[in-house]
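Thanks, everyone. Please have the viewer open, and let's walk through this one together.

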Amino acid sequence: MGVGWGDLDGDGLLDLYLNNDGEANVLYFNDGDGTYSASKSTAGDINNTGAGRGVAMVDYDLDHDLDIYIAVFDGANKLFQNQGDGTFLDQTAAAEVGHTGQTTSVAWGDLFGADALPDLYVVNYNKENVLYRNNGNGTFSDVTSSSGVGSADQGTAVAVFDADQDGDLDIFVTNAGVVNQLYINNGNDTFSLRANAGVGGDSVALSYSVIWGDFVGNDTALDLFVVNGMHPNSSANMLFKNSGNGSFSLVSGSGVEDESNGRGASGIDVDSDGYLDIFVVSFQDNSRMYSNNEGDGTFSNITDLAGVQDDDGKSLGVA
């Protein structure tokens, strides 16, 4: 259910980590010739089992290699510290980030004071979301209450980005059956819920995923694309244009508003024309590739042309 790319052994090649539900997780090292080798780690560390939901990589200890945090729905989340040789050490307890409580998604970002230390935001389903501040010594502090970002809804995904272009990172959370939430960074270690930002969606939409990028206008303001699942009263996928100050407007007629029981998305310039395109995976339908029509707010479905149909469906994540 979770997937991520990152150079985990320092050879300049992107490796692949899969966070699985009920089976051992798998780390594939890129051999550089189109093939991959299974993890060098031993069972019991990076191959943690459980109801995996998400994965996020970052150099949390600033030792110049990527570490891994995984979301576990039925147990404690895990933080694995990269040892620099293709092996990982479970530092969950030492770092004090072993949250237990139906975690669905996680994201890293320097959320406090631009101190270059990656902080951690954890999204939970029917339990309070958690914000951990990086102390810079290998440990984290739970600052959920003091920061004001601890909603307890049906959380499904999170995006950390600068929504209002003021130089600090904000937090956007998607929910299933509850309006989505944008928390604006106040620059003083607190956040404010911006209820009138225009990205809440409706209260019955099953929002499962979100990605950010300059999808509309090529104006450097970061827009949002929200993937919704199928529900009798749910919305189609939603593209929101950023006005540049943290307020958004729904882009109608964009061509990406399919109702295919979506689960995940990725933004990438697949045709190298300078505009971000969108790839969406679905749980009950084919995957879809949308080509950005030069930033004018519309997209063309090029799934067949690109050859990326997923006839089997049942897709849950993409990177």
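This is a predicted model: local features need pLDDT of at least 70, side-chain atom pairs count only at pLDDT 80 or more; totals for chains, interfaces and linings use all residues.

I'll go through a strand pair, a pocket, some aromatic rings and a few loop residues.

Let's start with strand β5, residues 52-58. Is it enclosed or open? Of its 7 residues, 6 are buried, so the rest of the structure largely encloses this strand. Now look for its partner. β5 pairs with strand β6, residues 67-72. The pairing is antiparallel and runs over 6 bridges.

How much space lies in the largest pocket? About 1300 Å³. It is lined by 39 residues, and those closest to its centre are V55, S105, V106, V158 and S209. Which elements give two or more residues to this lining? They are β1 (2-6), β5, β9 (103-109), β13 (155-161), β17 and β21 (262-268).

Now the rings. How many aromatic pairs does the structure hold? It holds 7. I'll show two of them. First, W5 and Y36. Their ring centres are 6.5 Å apart and the planes meet at 55 degrees. An angle over 60 would count as edge-to-face and one under 30 as stacked, so this pair is tilted. W5 sits in strand β1 and Y36 in strand β4, residues 36-38. They are 31 residues apart, and the pair links distant parts of the chain. Buried or exposed? W5 is partly exposed, with a relative accessible area of 38%. Y36 is partly exposed too, at 36%.

The second pair is Y60 and F140. The centres are 5.8 Å apart, with 40 degrees between the planes, and this pair is tilted as well. Y60 lies in the loop between β5 and β6, while F140 is in strand β12. Y60 is buried, at 3% relative accessibility. F140 is buried, also at 3%. Which residues do ring pairs link into a cluster? Y60, Y69, W108 and F140.

G138 is in the loop between β11 (130-134) and β12 (140-142). It is partly exposed, with a relative accessible area of 27%. Now compare G138 with E96. They are 42 residues apart in sequence, yet 9.2 Å apart in space, C-alpha to C-alpha.

Last stop, backbone angles. Most residues other than glycine have a negative phi. Here are two with a positive one. T220 has a phi near 75 degrees. Find it in the loop between β17 (207-213) and β18 (223-228). T220 is exposed, with a relative accessible area of 58%. The other is E294, at a phi of about 60 degrees. It belongs to the loop between β23 (288-292) and β24 (299-301). E294 is exposed, at 60% relative accessible area.

That's my tour. Over to you for questions.

Methods: Residues are numbered from 1 along each chain as its sequence is written. Side-chain values use heavy atoms; hydrogens and water are left out. Buried means under 20% relative accessible area, exposed over 50%, partly exposed in between (1.4 Å probe, protein chains only). Helices (H or I, at least four residues) and strands (E, at least two) are DSSP runs, numbered from the N terminus. Two strands pair if DSSP finds at least two bridges between them. On a 1 Å grid over the protein atoms alone, a cavity is a set of points where a 1.4 Å probe fits but cannot get out, and a pocket is an open set with protein on both sides within 12 Å along at least five of seven lines; lining residues have an atom within 4 Å of a point. Grid points are joined across faces, edges and corners, and a volume is the space filled by probe spheres set on the points. Rings of Phe, Tyr and Trp (its six-membered ring) pair if their centres lie within 6.5 Å; planes under 30 degrees apart count as stacked, over 60 as edge-to-face and the rest as tilted.
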